[in-house]
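The points are grouped by topic.

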Amino acid sequence: MSIPTDLKYTASHEWARLEADGSVTIGITDHAQELLGDMVFVENPTVGRTLAAGEECAVVESVKAASDVYAPIAGEVVSINEALEAEPQKLNEDAYAHWMFRIQPANAADLDGLMDAAAYQAAVDAEAH
Amino acid sequence: MPFIPHTEADVAAMLNAIGAPAIDSLFDEIPAGLDCAGLPGVPEGLSEMALMRLARERARADGDWLNFIGAGAYEHHIPAAIWPIVTRGEFYSAYTPYQAEASQGTLQLIYEYQTLITRLTGLDVSNASLYDGASALTEAILMAVRSDKQNRRRVLVPATVHPRYRAVAQALVNAQGIEIITLPYCTDCGHSLVDALDLFKNQPAAALVIPQPNFFGVLEPVDALTDWAHAQDMQAIAVVNPMTLALLKPPGQWGHQGADICVGDGQPLGIPLSSGGPYFGFMTAKQALVRQMPGRIVGRTVDLDGKTGFSLTLQAREQHIRRAKATSNICSNQGLMVAAATIYMSLMGPQGLTRVAATSRSNTRALVDRLTALPGVSEVFKRPALHEAVIRLPGDASEILRALTARGIQGGYALGADYAELSDCILVCATETKTDADLDLYAEQLERILSRRDIPKCKMQPKW
């Protein structure tokens, strides 16, 4: 299981990365894709939608289950990775190379409230036990 | 295969294996106060002989009429082969095909049904069926609202959609905060006016419902309506009679882009009128909407050895997996009715369906011609109708229909209760089951009833 150290994480298995332009890129973790299995469908939020922190805003569907993806922090959706709709299996190949959507955060400092790689690793370990 | 496969010995062995004293003990977590302790008012069981007698008496109470009522349920000939096949034990089971390894026959039948109904409607995907036409329309409205990117919670529904369908949809979507706006119809021609729709341009809606033919039997300008909906970025929901699609353009080809969702009642395809049900609802849609589609979908696949097989597919959106977030609370289908419809469509073929639809149309035209030849009787709408038509009578429609009933004829559906402006009007239908002699008899009896009404009233009241 890979957990890059340059990303922020949530307990619901999303990753977030602050970009140079101030936007935040969001995806699901390697651990999440491993739990879900072969992905067959990705439904992203519409661009322009305003999200509250923790709001359900996307769905990833695998052969086993459909799961909600939650907004790690509040903000407005500024772009989505449309390529994933045609090739959802990319999330299985590399969950960090294939982002889902990007938001303009209401408050960039909210990112500080998310977990770092070590804390996320600990959370995943705790979940396994 | 027996319905309940476990003998008492089987049950005892299973209870013994899990260490439970009795079946009731498996439910002891349910508080005693919630136990309804039997069902008062449910009579004792009947023997087969007594039950058959009761059923015959009930059937007799329905009467044996010369029937000219359509209005959503149609008397078509049902080939003798259909029901003996449907009622074979392999189909006549109460359960549904979760277990692909034990249900290949049922799954294949549903897959073939889906194939036939997508071809008939000209759309990409079908589910395994819904309860009836009205619930199918409701599910289509929910599906359109669910998939609306702008989160619009309003749907436009013409007054020419079946009144019961509208009532069911209203009852089911209201609680979800979805508003149904009823669109007026042209009182001269009986169709929905595309020009009048522009009044609703500024009221954002997720979908426009388009009936074809509409409740009056009148043909709607479906191409213009579909294109209008798409121009407003709304989805177009077709409500059709499957039989008429043998003659009419399939909804998948309406306008420039085709209807997005198509629903209707499958009863005309080999299901008896049967006092109102069970019937089945069908639903097809464009591929892009498949994950928003409620209910079961059967897919074709290959097993580990590469052999063709069938299984339920896209189940992740259903409630046994997605729980409260499922696309719909529909978790079943009308399997037996679908079996009948599949066999009906297979037996009839495209040519057979076309003949039934065309004969129903010409019989209805012949009936309308005979009836409107009588003084005071006229056809209400100017636009072409298919196999139903609205007739205006010189007097109270319900009263005249009662007089016809007394002569063994169900003369039509009185429209006054649903459309106050049509209180002297009836909706008539003559399917392929009617002969020239039947049409003559109806016209003769109506003429007799109407001519008597012209006689100055006697002080003695007639009994009917």
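Helices, of at least four residues, and strands, of at least two, are DSSP runs numbered from the N terminus. On that basis, chain B of this predicted model has 12 helices and 15 strands. The radius of gyration of chain B is 25 Å, close to the 23 Å given by the globule rule for 464 residues, so the chain is as compact as a globular protein of that length.

- The C-alpha trace of chain B extends over about 85 × 60 × 50 Å along its principal axes.
- Of the 464 residues in chain B, 41% count as buried.
- When contacts in chain B between residues at least 6 apart in sequence are considered, 75% of them join residues at least 24 apart.

**Domains**

- Chain B is assigned domain 1 (83–342) and domain 2 (349–454).
- To the contact between them, domain 1 of chain B contributes 15 residues and domain 2 of chain B contributes 20 residues.
- The centres of domain 1 and domain 2 of chain B, taken over C-alpha atoms, are separated by 29 Å.

**Nonpolar cores**

- In soluble globular proteins, nonpolar side chains tend to be buried together.
- The largest nonpolar core comprises 119 residues, and those with the most contacts inside it are B:Ile141, B:Val155, B:Ile237, B:Ile261 and B:Ile426.
- Helix H10(B) supplies the largest share of this core, 15 residues.
- Both domain 1 (83–342) and domain 2 (349–454) of chain B are represented in this core, each by at least three residues.
- Beyond its neighbours within four places in sequence, B:Val155 is in contact with residues including B:Ile141, B:Ile178, B:Ile180 and B:Val209.
- Another core, of 28 residues, lies apart from the largest one; among its members are A:Ala16, A:Ile26, A:Val42 and A:Ile80.

**The four-stranded sheet of chain B**

- Four strands of chain B form an open sheet in the order S11-S12-S15-S14, with antiparallel pairing.
- Strand S11 (378–379) and strand S14 (413–414) of chain B are the edge strands, and each pairs on one side only.
- Strand S12 (residues 389–392) and strand S15 (residues 425–428) of chain B are joined in the antiparallel sense over four bridges.
- Within this sheet region, B:Val390 is placed opposite B:Leu427 in S15(B).
- Helix H10 (residues 335–372) of chain B packs on the sheet and touches S11, S12 and S15 of chain B.
- The direction of helix H10 makes about 5 degrees with that of S12(B).

How values were computed:
Residues are numbered from 1 along each chain as its sequence is written. Chains are lettered from A and ligands numbered from 1 in the order in which they are written. This is a predicted model: local features need pLDDT of at least 70, side-chain atom pairs count only at pLDDT 80 or more; totals for chains, interfaces and linings use all residues. Two strands pair if DSSP finds at least two bridges between them. Two residues are in contact if their C-beta atoms, placed from the backbone, lie within 7 Å. Axes are lines fitted to C-alpha atoms, for helices over the stretch in contact, and angles run from 0 to 180 degrees between N-to-C directions. The radius of gyration is taken over C-alpha atoms; the globule rule is 2.2 Å times the number of residues to the power 0.38. A residue is buried if 20 or more other C-beta atoms lie within 10 Å of its own, exposed if 12 or fewer, and partly exposed in between; C-beta atoms are placed from the backbone. A nonpolar core is a set of buried Ala, Val, Leu, Ile, Met, Phe, Trp, Tyr and Cys residues joined through C-beta atoms within 7 Å. Domain bounds come from an automatic or database domain assignment.
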